[in-house]
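Hi,

Here is the structure I promised to pass on to you. Have a look at it first, and then read my notes below.

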Amino acid sequence: MCFLLFTGESFRSLSYLFRVGVSTNRQFIPETCSAIYQVLKDKYLKVCDHKPTCVLRCDFFLYFSHSFSVVLMALVDSSYRFLYVDGGCNGRISDGGVFGGCSLQNALENRTVNIPAPAPLPGSDQLAPYCIVADEAFPLKEYLMKPYPNRRLSVQVVENAFGILANRFRTFLNTINIQDTAKVEDIVLACCALHNFLRAECGEWRQDPDLLQAPLPYTTNTTTRAKRSRDELCQYFISEIGAVPFQWSKI
């Protein structure tokens, strides 16, 4: 199984190397991946358990059975660790459509994930909500910041995470020759959990305090609040307090 995930060899190549039938490989490898995910998910793949500031992206396509694809949507923290993954949606669905149909969107709307109450920005007494950074394909929400219209936003953190994942598990660089999307999803989830396991156990991690759940707001005009929050964050990051030295060379 590991040989397939790490090298990207085909099921037929594995059958020649290990004298195991192709159909047998297609059966037991997804089953083993599912077992790996079930063992690792509670510790190494939990939504927003560590860092409230993270990046959402949805453009890593996985091709299987030669002519079909599924899209991998991922929520990634600053250490290239996957906090949430959804890998079962048809590749023809838009990024916003994938997000709208996933459990993460419902959890964020109902505040069932660990998003703390607004806190002052560094060096300022201005309160700002904890939020996820996303590109223009996603809806603007108080918990989901996207760029202004016609302004591209670099989400290099999540792109790097996808790159690390694909280069470590090279099966993603080839077509996964399985017709059952559920089995493809088992492979994807196992690889993401193993990715987090390797990053946690083989590297140093910051120790972050536990996050307390914030209460739901009393008002319901989320679009207005989200736009106001985006404007306030914009003004903060171009001020002397919030600016970083390298940002002006990137604009």
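**What I found**

The protein chain has 8 helices and 7 strands. Helices (H or I, at least four residues) and strands (E, at least two) are DSSP runs, numbered from the N terminus. Before you go further: this is a predicted model, in which local features need pLDDT of at least 70 and side-chain atom pairs count only at pLDDT 80 or more, while totals for chains, interfaces and linings use all residues. Residues are numbered from 1 along each chain as its sequence is written, and side-chain values use heavy atoms, with hydrogens and water left out.

**The chain as a whole**

Of the 251 residues in the protein chain, 42% count as buried. Buried means under 20% relative accessible area, exposed means over 50%, and partly exposed is in between (1.4 Å probe, protein chains only). I also looked at contacts, where contact means heavy atoms within 4.5 Å. Among those in the protein chain between residues at least 6 apart in sequence, 62% join residues at least 24 apart.

**The cores**

In soluble globular proteins, nonpolar side chains tend to be buried together. I use "nonpolar core" for a set of buried Ala, Val, Leu, Ile, Met, Phe, Trp, Tyr and Cys residues joined through side-chain atoms within 4.5 Å. The largest one here has 37 residues, and F82, V85, L165 and F172 have the most contacts inside it. At least two residues of this core come from each of α1 (2–7), α2 (11–18), α3 (22–44), β2 (68–76), β3 (82–90), α6 (156–168) and α7 (181–201). Which element gives the largest share? That is α7, with 10 residues.

Once you leave aside its neighbours within four places in sequence, V85 is in contact with L45, L72, M73, A74, L189 and C192. There is also a second, separate core of 19 residues, and Y84, V98, A107 and A134 are among them.

**Two helix pairs**

Two packed helices are described by the angle between their axes and the distance between the axes. Axes are lines fitted to C-alpha atoms, for helices over the stretch in contact, and angles run from 0 to 180 degrees between N-to-C directions.

Start with α2 and α3, which pack at an angle of about 105 degrees with their axes 8 Å apart. That makes α2 roughly perpendicular to α3. (Angles under 35 degrees count as roughly parallel, over 145 as roughly antiparallel, 65 to 115 as roughly perpendicular and the rest as oblique.) On the α2 side the contact is made by F11, R12, L14 and S15, and on the α3 side by V22, N25, R26 and I29. Sorted by class, this contact has 4 nonpolar, 2 polar and 2 charged residues. For the classes, Ala, Val, Leu, Ile, Met, Phe, Trp, Tyr, Cys and Pro count as nonpolar, Asp, Glu, Lys and Arg as charged, and the others, Gly among them, as polar.

Then there are α6 and α7, with an angle of about 100 degrees and axes 11 Å apart. Here α6 is roughly perpendicular to α7. A161, I164, L165 and R168 of α6 meet C191, C192, H195, L198 and R199 of α7. By class, that contact has 6 nonpolar, 1 polar and 2 charged residues.

**Cysteines**

How many disulfides does a search of the whole structure find? It finds 0, where a disulfide is a pair of cysteine sulfur atoms within 2.5 Å. For C191, the nearest cysteine sulfur is that of C33, 6.0 Å away. C191 counts as buried, at 0% relative accessibility, and C102 counts as buried too, at 5%.

**A few single residues**

- R19 lies in the loop between α2 and α3. Its phi is near 60 degrees, a positive value in a residue other than glycine. R19 is exposed, because its relative accessible area is 74%.
- Y80 is in the loop between β2 and β3, and its phi is near 65 degrees, again positive in a residue other than glycine. At 24% relative accessibility, Y80 counts as partly exposed.
- Q105 sits in helix α5 (residues 103–109). Q105 counts as buried, at 19% relative accessibility. Apart from neighbours within four places in sequence, Q105 is in contact with F99, G100 and Y143.
- W248 lies in the segment after α8 (222–237). Not counting residues up to four places away in sequence, W248 touches I238 and A243.

Cheers
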